[in-house]
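Here are my notes on this one, written as numbered points. Keep the viewer open and follow along as you read.

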Amino acid sequence: MSDRVFFFDTTLRDGEQSPGATMNFQEKLRLAHQLEMLGVDIIEAGFPASSPGDFASVEAIARQAGESIQICGLARCVQNDIDRCWEAVKEAKNPRIHVFVSTSPLHMEYKLRKSPDQVVEMAINGVKRAAGYTSNVEFSCEDFSRSDRDFICRIVGEAIKAGATTINLPDTVGYAQPSEFAELVGYCIKNTPGSEKVVYSVHCHDDLGLAVANTLAAMKVGVRQAEVTLSGIGERAGNASLEEVVMALTVRKDLYGLTHGIESEQLYPSCRLLSMIIGQPIPLNKSIVGANAFAHESGIHQDGMLKNRETYEIMTPQSVGRKETHLIIGKHSGRNAVLQKFESLGYRLNDEQLNEIFAAVKDLADRKKTLHDEDLMALVQQELYRVPDRYRLRHVSIQSSDAGGVPPVAAVLMDVAGIEKSGAGFGAGPVDALFNVISDLVGRAPDLEQYAINAITGGTDALGEVTVRIREKNLTAIGRGNHPDIFVASARAYVDALNNLVKREEEGTRLHCQLETERN
Ligand code: KIV
Ligand code: ZN
């Protein structure tokens with residue numbers, strides 16, 4: 001058996017099912033590109049039959065994907081799902097169709113309303129239809145961990161005969177415990193006819209906090225594909241976190257003896273990009289990528305670290321892409337230093353990107369004494385990964401007030417579809433005043449569903465990162481902005497959300513037109 005573990009990333013499919021983690025078309029493409037740099041083997045890009053939006057993003061990701069990565073779409077074992085899935089992934093250099101059906105008595109009886117024999121029939125037909133399109137077919141037994149083990153051996157054996165090349169055994173509801181999960185998976189591998197011809201996979205949910213532990217336990221009994229997401233986002237409590245499984249296999253290679261193709265220095269930039277896209281900060285104590293994961297507070301620990309890092313660190317921050325370099329970036333830094341700094345942070349910039357980012361770095365350095373790595377990463381994500389915007393903020397001015405009868409005032413200068421506009425107004429607080437003025441200038445008043453502020457770095461001159469979520473009718477959009485002045489950061493975040501709302505509307509119209517054309 002090979003000792004290579006394949007990483008199957010489902011951030012764009014199961015991860016996107018996580019509450020509040022919806023991504024738009026451009027954001028999905030950008031994340032897919034980053035996942036490729038990270039070195040994942042397979043990207044599950046979406047569930048094409050679920051919506052025209054999902055279809056379009058899977059198709060675009062498949063088109064842009066390189067030679068070294070497989071692009072997969074999810075499908076139920078029904079004809080239309082499989083056909084749509086193939087339509088969406090077929091232009092990838094290495095396409096994969098992932099079909100699934102429920103196998104637990106509970107799911108078969110209540111969800112599918114089918115007998116076990118009928119479910120076996122569905123699996124065979126689904127895999128055969130997918131195999132008619134490609135030889136790269138994955139078959140999943142949904143709710144595997146609550147299924148009858150001998151029924152699994154039967155249905156998986158049939159799926160292998162029908163042409164499946166990867167067999168995925170999910171702990172769909174996060175119910176399994178590591179030792180019993182490993183035992184169950186091991187039993188199925190051993191007792192299923194044809195097991196030697198396929199790669200076994202697991203897909204674990206985190207309802208009891210055991211997704212990573214279950215994934216790793218399964219590796220010990222022969223599983224060689226891990227289905228994971230960045231930062232563990234996903235349905236309900238989430239999925240097994242990619243960065244945790246990768247680093248467990250790396251740090252404890254002595255125990256697992258397994259290899260993988262992930263570039264661990266890209267772990268932090270990838271999770272940080274996801275956090276920016278979905279507008280959810282990485283929790284401070286999150287393993288591997290949280291701000292505190294390498295922070296040493298107690299005197300005893302600090303003393304130990306100074307004498308020998310290994311006293312309290314089992315891996316270095318650099319190994320997961322949190323590079324402390326001695327290159328200090330400030331207002332006197334040249335282009336080359338900025339280029340090198342970004343390279344050390346995991347970003348490869350072309351000339352045009354360097355020009356843009358260099359100007360933004362200088363601008364920030366004029367206002368802020370020390371630029372931390374986090375400041376620079378926030379900047380690159382804000383400046384470079386932006387799609388052209390309809391609204392552009394130029395200047396804001398705020399007057400706060402704690403005097404009764406003298407409300408806070410905001411004045412704003414901005415471009416609206418290329419036309420310069422300005423205005424001033426009041427609000428209950430300065431942020432309210434700002435958002436009121438911006439709403440008036442752009443002529444729309446969405447509901448503000450969420451407002452969150454986070455200091456990216458320490459110190460009173462820290463960069464404030466604001467995230468807002470707005471809703472207009474049935475569309476929501478997230479916006480982010482950062483700046484040492486939290487009111488400027490708030491205005492930027494609000495304008496960013498408004499621009500994203502426009503993009504969502506345009507996407508909706510584009511898809512509508514596409515469907516109309518397809519229909520006619
Ligand atoms: O959790 C699950 O069982 C799934 C399947 C579709 C693989 O997400
Ligand atoms: Zn799942």
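**Notes on the predicted model**

1. Let's start with Gln381, which is found in helix 15 (residues 373–384). Helices here are DSSP runs of H or I with at least four residues, strands are runs of E with at least two, and both are numbered from the N terminus. Gln381 counts as buried at 5% relative accessibility; buried means under 20% relative accessible area, exposed over 50% and partly exposed in between, with a 1.4 Å probe and protein chains only. Not counting residues up to four places away in sequence, Gln381 touches Pro269, Arg272, Leu273, Met276 and Tyr347, where contact means heavy atoms within 4.5 Å. Take Met276: 105 residues separate it from Gln381 along the chain, yet the two C-alpha atoms are 7.7 Å apart.

2. A word on the ground rules. This is a predicted model, in which local features need pLDDT of at least 70, side-chain atom pairs count only at pLDDT 80 or more, and totals for chains, interfaces and linings use all residues. Residues are numbered from 1 along each chain as its sequence is written, chains are lettered from A and ligands numbered from 1 in the order in which they are written, and side-chain values use heavy atoms, with hydrogens and water left out.

3. Which residues coordinate the zinc ion (ligand 2)? They are Asp14 (OD), His203 (NE2) and His205 (NE2), at 2.0 to 2.1 Å. Asp14 lies in the loop between strand 1 (6–9) and helix 1 (25–38) while His203 is in strand 7 (residues 199–204), so this pair ties together parts that are 189 residues apart in sequence. Written as a spacing along the chain, the donors follow D-x188-H-x1-H. Donors are N, O and S atoms within 2.8 Å of the metal (3.2 Å for Na, K and Ca), and water is not among the atoms, so sites may look incomplete. Asp14 counts as buried at 2% relative accessibility, and His203 does at 5%.

4. Now look at helix 13 (residues 335–344) and helix 14 (residues 351–367), whose axes come within 10 Å and cross at roughly 100°. The axes are lines fitted to C-alpha atoms, for helices over the stretch in contact, and angles run from 0 to 180 degrees between N-to-C directions. Helix 13 and helix 14 are therefore roughly perpendicular to each other; the cut-offs are under 35 degrees for roughly parallel, over 145 for roughly antiparallel, 65 to 115 for roughly perpendicular, and oblique for the rest. Helix 13 brings Arg335, Val338, Leu339 and Phe342 to the contact, and helix 14 brings Leu354, Asn355, Ile357, Phe358 and Val361. By class, that contact has seven nonpolar, one polar and one charged residues. Ala, Val, Leu, Ile, Met, Phe, Trp, Tyr, Cys and Pro count as nonpolar, Asp, Glu, Lys and Arg as charged, and the others, Gly among them, as polar.

5. Two backbone angles are worth a look. Asp143 is in the loop between strand 5 (137–142) and helix 6 (149–162), and its phi is near 65°, a positive value in a residue other than glycine. Asp143 is buried at 0% relative accessibility. Ile288 sits in the loop between helix 11 (267–278) and helix 12 (299–307), with phi near 70°, again positive in a residue other than glycine. Ile288 is buried too, at 7% relative accessible area.
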